[in-house]
Amino acid sequence: MKKFLEYHLVEFSNFTLTPYSILMALIIVVATWLFLRFVKKIFFARMVKRVEQGTVASIYQIIKYVVWVLSIIIILQTIGFNINYLIASSAALLVGLGLGVQQIFNDVVSGLFLLFEGNVKVGDVVQLEDDIIATVKEINLRISKVETRDNVIVIVPNSKLISENVINWSTIDKKTRFKLEVGVAYGSDVKKVREILLKVADAHPAISKSPKPFVRFEDFGDSALIFHLFFWTTRSFRVKNINSDLRFAINDEFEQNKIVIPFPQQDIYVKELPKTTTPEK
């Protein structure tokens, strides 16, 4: 048995691979995997009660990367690789690869910043520059996974979450303010309009009662009086549904109170018709 474990499967000048080294490498991999499962289930199960879930996930990702890097180094030394020799011999190769994989390296560094800074965490609702609104599901070393309102998983490079303007709708108290624009015809009772808008907002179960909704008479438009209804809600991810509910209710209330929602129109006044000439025969 001892002779079998020490049998030289592969042999170079500075490296020898034996069944024993392969067995030890497999043991290290299994031990690392079991250790990380233990950390995730036992340690973080207690920690999540005191720390936000997104922060816990970020801490776990950092620990996982560090543990796996250490395990790989131990495995390389176990199977006979000289780490110093490996780093020195691959330095030129790494420089060459670096020129070709700059974007990947940028994404990896951005992933580390995301995990350490915690500006964007798992569970946060974010809005990207291309108007994608989604919930962060995973933050990995190079890419992150977000889920849109249509339950579609979008793969986002981490550099995009760092270098571009990203709105994080997940605030401390979880309440976000939104506004709904409404136009009514000139001559409408503006006080009645304000009363209806507040009534509709107060009746919606997803709109916060504190702070209270309020109405702003925004402007005299080209064909309508413009009002903005401001409200707060904790359901920022589904706010489009709330806006739809409000528009249905506002339309019903306006019909009952004879308040008209105008459509864009223009009046053309012709002062003088052009003179027509009779063609010569």
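The model is predicted, with local features requiring pLDDT of at least 70 and side-chain atom pairs counting only at pLDDT 80 or more, while totals for chains, interfaces and linings use all residues. Residues are numbered from 1 along each chain as its sequence is written, and side-chain values use heavy atoms, with hydrogens and water left out.

The structure holds 3 salt bridges, a salt bridge being a side-chain nitrogen of Lys or Arg within 4 Å of a carboxyl oxygen of Asp or Glu. Glu147 and Lys137 form one of them, at 3.3 Å from N to O. Glu147 belongs to strand S5 (residues 143–148) and Lys137 to strand S4 (residues 133–139), so the bridge ties together parts 10 residues apart in sequence. Helices (H or I, at least four residues) and strands (E, at least two) are DSSP runs, numbered from the N terminus.

In Glu195 and Lys192, the closest N and O atoms of the salt bridge are 3.5 Å apart. The two residues are 3 apart in helix H7 (residues 190–203), about one helical turn. Lys199 pairs with Glu253 at 3.4 Å between the closest N and O atoms.

Asn158 lies in helix H6 (residues 158–163). The residue is buried, at 0% relative accessible area; buried means under 20%, exposed over 50%, and partly exposed in between (1.4 Å probe, protein chains only). Glu253 is also buried, at 15%, whereas Lys137 is partly exposed, at 41%.
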